Amino acid sequence: MRLDDFDLNWNKLDYSLPQYKSNKEFKKPAKLKEMIRIASELSKGMPFVRVDLYEINQKIYFGEFTFSPAAGLIKYYNEEALQHLGSLIEIKKER
């Protein structure tokens, strides 16, 4: 498995362990801003969800919601990435 991560401005992030990094260059999707808007709307109110969207022939397609990638046992990110991503999640205790 190869994995690349990008921020909202399509800057490549150094999150993957060396054995999982790809050597490919990926073009920024033409409809990235719209995809971000759609993902933000679909994920509203959820403490964490990955929204899979795909751009094919200038059309945006929804793939799935993922609530626990790799069943919460991610082994392909470096420690710095895990700490950073974990710090972004705020889970409120329900009463």
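Select Glu64 to begin: this residue is partly exposed, with a relative accessible area of 38% (buried means under 20% relative accessible area, exposed over 50%, partly exposed in between, with a 1.4 Å probe and protein chains only). The model is predicted, so local features need pLDDT of at least 70 and side-chain atom pairs count only at pLDDT 80 or more, while totals for chains, interfaces and linings use all residues. Residues are numbered from 1 along each chain as its sequence is written, and side-chain values use heavy atoms, with hydrogens and water left out.

Arg50 and Glu64 form a salt bridge, with the closest N and O atoms 3.5 Å apart (a salt bridge is a side-chain nitrogen of Lys or Arg within 4 Å of a carboxyl oxygen of Asp or Glu). Arg50 lies in strand S3 and Glu64 in strand S4 (residues 59–66), so this pair ties together parts that are 14 residues apart in sequence. Strands (E, at least two residues) and helices (H or I, at least four) are DSSP runs numbered from the N terminus. Arg50 is partly exposed at 34% relative accessibility.

Now select Asp52. Its side chain meets that of Arg50 in a salt bridge of 2.7 Å, N to O. Asp52 is buried, with a relative accessible area of 12%.

Move to Lys21 and Asp14. Their salt bridge has its closest N and O atoms 2.6 Å apart. Lys21 is partly exposed at 34%, whereas Asp14 counts as exposed at 53%. A search of the whole structure finds five salt bridges.

Finally, display the largest pocket, with a volume of about 2000 Å³. Of its 42 lining residues, Asp5, Phe6, Val49, Arg50 and Val51 are the closest to the centre. On a 1 Å grid over the protein atoms alone, a pocket is an open set of points where a 1.4 Å probe fits, with protein on both sides within 12 Å along at least five of seven lines; lining residues have an atom within 4 Å of a point. The volume is the space filled by probe spheres set on the points, which are joined across faces, edges and corners.

Colour strand S1 (5–6), helix H1 (32–42), strand S3 (50–56) and helix H2 (79–87): each supplies at least two lining residues. S3 gives the most, with six. By class, the lining has 29 nonpolar, six polar and seven charged residues (Ala, Val, Leu, Ile, Met, Phe, Trp, Tyr, Cys and Pro count as nonpolar, Asp, Glu, Lys and Arg as charged, and the others, Gly among them, as polar).
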